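Q: I would like to learn how to read a model of a complex, one feature at a time. Where should I start?

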Amino acid sequence: MEIKKELNGTALTIKVIGRLDAGSAPELSKFITSALDGVTDLTFDFAELQYIASAGLRVLLVAQKRMNKQGSMKLIHVNETVMEVLDMTGFASLMTIE
Amino acid sequence: MEKITLAATIDNLQQVTDFAAEKLEAHDCPLKASMQLELVIEEIFVNIASYAYEPSTGDATFCVDFEENPTAVLLTFIDGGKPYNPLEKTDPDISLDAEEREIGGLGIFLVKNNVDEISYERTDDKNILRMKKLF
């Protein structure tokens, strides 16, 4: 997994590339712990995210809970495989997906 | 039937999913089912790696077998860790909003939703989890 970030003022886009599994999720978790400070608009760009497992969902839920307090969060460019997991777990209805 | 036994650690996850992917490909498993199975395998293996032998470590055995008419794959995970029946875990309430949702409990839920049959038994001090998926 590779993480790319783009900060414009208080708007942060995090591009997650590759696989968000139990091996890589801790890295993203650690990354967002500090990267979200002062952010009001968070976008996860999943255009190049091929796979997500429950470990990745947990990180998204932590991010969502935090952004509910300090701004908003959305997921963009979600592929079919990842969307299926978001649908199955109800995450698709508790997150903004564009 | 083909099987692999290895230390149940997150670092070995890819070895397990690669092992399965190779067998599934050889049996012409469609891509969608393969990806769902990869998720199933990860969730179970990671559970074993995280909890079965905690705070120590131990081995897990993973078996892959196939059936014809109808075509199906049979996956079996065996570990010698503490007794744990994942099927007894209550499903998460997926209608709750983010604040009410708990972190966790999603893995086994995803497993149950991506296989056609799943059963657990505790035999000879081992946890045996069997799953079947038609493809």
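A: Start with confidence: pLDDT is the predictor's confidence in each residue, on a scale from 0 to 100. Where pLDDT is low, the predicted coordinates should not be read in detail. This model is predicted, and chain B averages a pLDDT of 95.

Q: How many of the residues of chain B, in percent, score at least 70?
A: The figure is 100% for chain B. For the complex, the predictor gives an ipTM of 0.91 and a pTM of 0.94.

Q: Which elements does chain B have, and in what order do they run from the N terminus?
A: Chain B holds 3 helices and 5 strands. From the N terminus on, their order is β-α-α-β-β-α-β-β.

Q: What does the radius of gyration say about chain B?
A: The radius is compared with the value for a compact globule of 135 residues, which would be near 14 Å; chain B has 15 Å, so the two agree. The C-alpha trace of chain B spans about 45 × 35 × 25 Å along its principal axes.

Q: What share of chain B counts as buried?
A: A residue is buried if 20 or more other C-beta atoms lie within 10 Å of its own. Of the 135 residues of chain B, 31% count as buried.

Q: What part of the contacts in chain B comes from residues 24 or more positions apart?
A: Among contacts in chain B with a separation of 6 or more, such residues account for 68%.

Q: Now the helices. At what angle do α1 and α2 of chain B cross?
A: Angles run from 0 to 180 degrees between N-to-C directions. Helix α1 (residues 13-26) and helix α2 (residues 31-52) of chain B cross at roughly 150°, and their axes come within 10 Å. The crossing of α1(B) and α2(B) is right-handed.

Q: Which residues of α1(B) and α2(B) meet?
A: On the α1(B) side they are B:Leu13, B:Val16, B:Thr17, B:Ala20, B:Ala21 and B:Leu24. These meet residues of α2(B) that include B:Leu37, B:Ile41, B:Phe45 and B:Val46. By class, the contact of α1(B) with α2(B) has 9 nonpolar, 2 polar and 2 charged residues.

Q: How does α2(B) pack with α3(B), and at what angle?
A: Helix α3 (residues 106-114) of chain B and α2(B) pack at about 145°, with their axes 9 Å apart. Here the crossing is left-handed. From α2(B), the contact includes B:Leu39, B:Val40, B:Ile44 and B:Val46; from α3(B), B:Gly107, B:Ile108, B:Leu110, B:Val111 and B:Asn114 take part. The residues of the contact of α2(B) with α3(B) divide into 7 nonpolar, 4 polar and 1 charged.

Q: What should I look for at the prolines B:Pro55 and B:Pro70?
A: The bond from B:Glu54 to B:Pro55 is cis, with omega near 5°, and B:Pro55 sits in the loop between α2 and β2 (59-67) of chain B. Another cis peptide bond joins B:Asn69 and B:Pro70, with omega about -5°. B:Pro70 lies in the loop between β2 and β3 (72-79) of chain B.

Q: Are B:Asp28 and B:Asp125 buried or exposed?
A: B:Asp28 counts as exposed because it has 8 C-beta neighbours inside 10 Å. B:Asp125 is exposed too, with 9 other C-beta atoms within 10 Å.

Q: Last, the interface. How many residues of chain A are in contact with chain B?
A: 19 residues of chain A are in contact with 20 residues of chain B. On the chain A side, the elements that give two or more residues are α2 (54-70) and α3 (80-88) of chain A. α2(A) gives the most, with 9 residues. By class, the side of chain A that touches chain B has 9 nonpolar, 7 polar and 3 charged residues.

How values were computed:
Residues are numbered from 1 along each chain as its sequence is written. Chains are lettered from A and ligands numbered from 1 in the order in which they are written. This is a predicted model: local features need pLDDT of at least 70, side-chain atom pairs count only at pLDDT 80 or more; totals for chains, interfaces and linings use all residues. Helices (H or I, at least four residues) and strands (E, at least two) are DSSP runs, numbered from the N terminus. A crossing is left-handed if the near helix is turned anticlockwise from the far one by less than a right angle, and right-handed if clockwise. Two residues are in contact if their C-beta atoms, placed from the backbone, lie within 7 Å. Ala, Val, Leu, Ile, Met, Phe, Trp, Tyr, Cys and Pro count as nonpolar, Asp, Glu, Lys and Arg as charged, and the others, Gly among them, as polar. The radius of gyration is taken over C-alpha atoms; the globule rule is 2.2 Å times the number of residues to the power 0.38. A residue is buried if 20 or more other C-beta atoms lie within 10 Å of its own, exposed if 12 or fewer, and partly exposed in between; C-beta atoms are placed from the backbone.
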